[in-house]
Amino acid sequence: MEQKQKEMKYLNATWRQLVWWRYQKHTLAMIGLVSITGMYFTAIFCEFLAPYEKDTRHLEAIYSPPSTVHIFDENGSLRWPFVRKTDMEIDLETHKMTFREVMGVNYPIKLFVRGDTYLFWGLWETDIHFFGVDSPAKLYLFGADRMGRDVFSRCLYGTRISLSIGMIGVFLSLVLGLTLGGISGYSGGWADVVIQRIIEIIRCFPSIPLWMGLSASMPPHWPALKVYFTITLILSLVGWTDLARMVRGKLIALREEEFVLAARFLGASDARIIFRHLLPSFTSHIIVSVTLAIPGMILAETALSFLGIGLRPPITSLGVLLKEAQNVTTVALYPWLLIPVAFVIIIVLSFNFVGDGLRDAVDPYSR
Amino acid sequence: MPPLLEVDDLQVHFFIDEGTVRAVDGVSFSLEQGKTLGIVGESGSGKSVIGQAILRIVPSPGQIVNGRILLQVDEKENLQQQTLDLVTIDPRGALARSIRGSDISMIFQEPMNSFSPVHTVGSQIMEALLIHSDVSKAEARNQAIEMLHRVGIPQPENRIDAYPHQLSGGMRQRAMIAMALVCRPRVLIADEPTTALDVTVQAQILALLKELQEEFGMAIIFISHNLGVISDISDDVLVVYFGRVMEQAPVKDIFDYPLHPYTQALLRSVPGIDTPVRTELATIEGTLPDPLAYIVGCPFYGRCTECGGDSVCRDQPYELTKVSPEHFVACPRMCIKL
Amino acid sequence: MSASDILIEVKNLKKYFPIQKGVFKKVVGHVKAVDGVSFSIRQGETLGLVGESGCGKTTVGRMIMGAYRPTGGEIWFQTPDGGPRLNLAEMTPAQMRPIRPHIQMIFQDPFASLNPRMTVREILAEPLIVNKVAKGAALEGRVRELIELVGLKVQYLTRYPHAFSGGQRQRICVARAMALYPRLLVADEPTSALDVSVQAQIVNLALEIQNKMGLAYLFISHDLGLVRHFSQKIVLMYVGKVVEYAPAANLFGKPRHPYTEALMSNVPSVRSDFVSHKIILKGETADPINPPPGCAFHPRCVYAQDVCSREEPLLREIGPDHVVACHFSEALDLNGCDALGCAI
């Protein structure tokens, strides 16, 4: 009986349900999906989730290592997680800073605490943070950087910028790729030849020098926001070629599909064929390609910013954060500055897992 | 004298997330030297899996869960026994490899898939020789040329250096037969070898296989969905449905006196000379049972129109019954009388 | 028999595909996929178009559907209800659109010819919507009528193609093709992807629909047995050309071309009491890019003589409705199906 019900469920399923069922079987893709959802959630609410503003300096905490979160007090009894205030001592001979916890007062980690004021989504001012500790203690989950800024908070802000660059950049690439690839694939002829040659020429340039050249031509006095959009534009101007090729190839293949031919033989207009048959069969492939293109964009931004020719402070992306960890001394003494790398890796891997999972799931007759 | 190859109660199951697919569920047959056994069935009947099981190349997640595949072998190194149970050997071991190609070999529907596109046809045929027998390279090349000549490829001295894509479909199929037979196997498994070919080329390949069988004396297991091809080449025929043998008999009996309602229905659904033109053909209503289902009785129950099909058909455990010395039928009610 | 009885008449139809090479797509030659094919189909009749792979039979079908523009030749179609006779070969896609409802097609692969994103209801409604034939309750009524016509249940209308077996999908394709009451159905290998028992169901359905609706079929197939069962007239093609064109009974009873004879003898029979005399041909189908001179079949022909390699045999009428392209049609005494012992 149960067997019968399962069968009926399958028989009456829609296309989307089928894709989702197949997707769910892909464990890594599910993990990737959860992780990406989490990342975007973090990016959207980063001001609220971060305990500090990204640019708040704490001069007494320069290069402070990650705070130790205790759950046992001095007497060994279990307590709500707390931190202790730390004191910095500077060795006057070596200028090495050491941090020591001050025993006695425990500062429990509180939820919805008041802290730095910020403009939430640039709309209203508030000072409520998801979690934090009371002054004078500080909560540095990932330590602090050379200006005493909280690396954890900065990672959350950096994730927002990096993820949005990925999304906006891919969106622009997609517009370019869909238009040019669509013209190329659907009309064919000389338009196809011209567009294909342009793509080949663009792809001939080694990408890093091309980005470097384009971003070096940006005047240094430009405001940070303008730089941000220009960088996005540069990345998408180079990145659309893959999408255009995918769109063209898929269109050519689909145009000869028998169900498209059948619609033509029924007398369907070009518009109906494009919007009713071609595009729906196409969106799943576009989503897959986009998912696989986003990590490329993110890596490109990270690379540019790391080299110092991409985004610049005060805009904080993961690449900008990594620029701090450029020299060996820093890395040897303050390894927590490398934590943004972990964010990059997690983001890129998650997108790849999701893309792979989707690609397997949208192919209707693969099994 | 035991038969060359004996398959006894073979069961191959595929363990997938949703359950177990009993692709081959208790198939038994034996094969004599120089004879051809035709295995005929529709898609989803498990006919190809039988061939894969004999070669021990059942793809994952399939497993041989029961049965014996007894092959009479020549004395091999480290091997005294005369009868070898292929189910017990390690499918990736040296013994399995030495059996594949030299004792049993296989040809497929699409020869392009069994040739490597980056090596010449000749080097791939020679490779089989060099692995399985103790010959020099020059000798192997001569034998390969001889074999290509034997399967009817013109100018074998030149064609031996051709890449697979340079040959036409029929020539590739001939080259694959040459590769399969160059080590003189005693069993050849042919899985739909003519399905992708045109009728005239199909006739050529069938004639060639018969000729080579006469010359080399190998036994052939010929797997096909095409009843005509099966009737053309086989000595004995197994009709399989849903992983089980429905009927087994010499070719003449199967086609002239089919006893199982399924066999009869299959034969009637092909238009023949005595079918009046433009009249309704006999069909088989319904579809195959759910592959995940476990069916105790006759798997054709529910589609069978012969005796109405009652609880006896559904519940009486599947059994192949002897009706004459060489004719076996798995029809619980034996509703068709001779 | 009046001339208006002829539904479609194909005259000297040609399709040459250019072979392009290099960056500038220079045309270096032509594949003569279809080279001078003529036949006609009467109202309500079935014509079988038979040949081996690469003989151009599919291209003929596609040209009638207007998917390819012919290189040469005419396709005269008699529009229904005493309408004008139109040459489809010269029509633009826009001019073709009002004719489309009268000529429909079903394909070989039932898995590729249904859009996986549309329910059966949407698939069957599409022809009615795009041609503005029906809407609302009338549309729903017609869709239900169609699905019942092909023997499927009305409940299936909400399902997507993945829920159906190959045979059921082919039924849906037939239903979609019937939506506009076509006069001609082009069926390109409609059963070769199906198991034999399912194939029989589709053949029965096609016959039933033909009896009910009186439409004509162009049945394209490589399966001689099926064509014999199904067609009144048969065109046999070899490398882009017609080799023999005759009523089915004449062609099978007394073929006049050696290729027809050989092909018939090569069909394996399911009857062991028919001991067939196989004529095993040499070699394989000629390459349409570079066909042999003279008669394209002469390198494989068992009766070939010198003249066959020099002179191309022209199609000529040698009997009532019997057309053949062989120099020796009269001289050869070829065996028909009975004499060959083939049981197709």
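How many salt bridges does the rule find across the interface of domain 1 of chain A and domain 2 of chain A?

A: The rule finds one salt bridge across that interface, a salt bridge being a side-chain nitrogen of Lys or Arg within 4 Å of a carboxyl oxygen of Asp or Glu. It is formed by A:Asp145 and A:Arg154, whose closest N and O atoms are 3.6 Å apart. This is a predicted model, in which local features need pLDDT of at least 70 and side-chain atom pairs count only at pLDDT 80 or more, while totals for chains, interfaces and linings use all residues. Residues are numbered from 1 along each chain as its sequence is written, chains are lettered from A and ligands numbered from 1 in the order in which they are written, and side-chain values use heavy atoms, with hydrogens and water left out.

The domain assignment, with bounds from an automatic or database source, gives domain 1 (57-148) and domain 2 (154-361) of chain A. Domain 1 brings 11 residues to the contact and domain 2 brings 10 residues, contact meaning heavy atoms within 4.5 Å.

Between them the two domains bury about 820 Å², 65% of it on carbon and sulfur atoms; buried area is the accessible area (1.4 Å probe) that two parts lose on being put together, summed over both. A:Asp145, together with A:Tyr63 and A:Phe142, supplies 62% of the area that domain 1 buries against domain 2, more than any other three residues.
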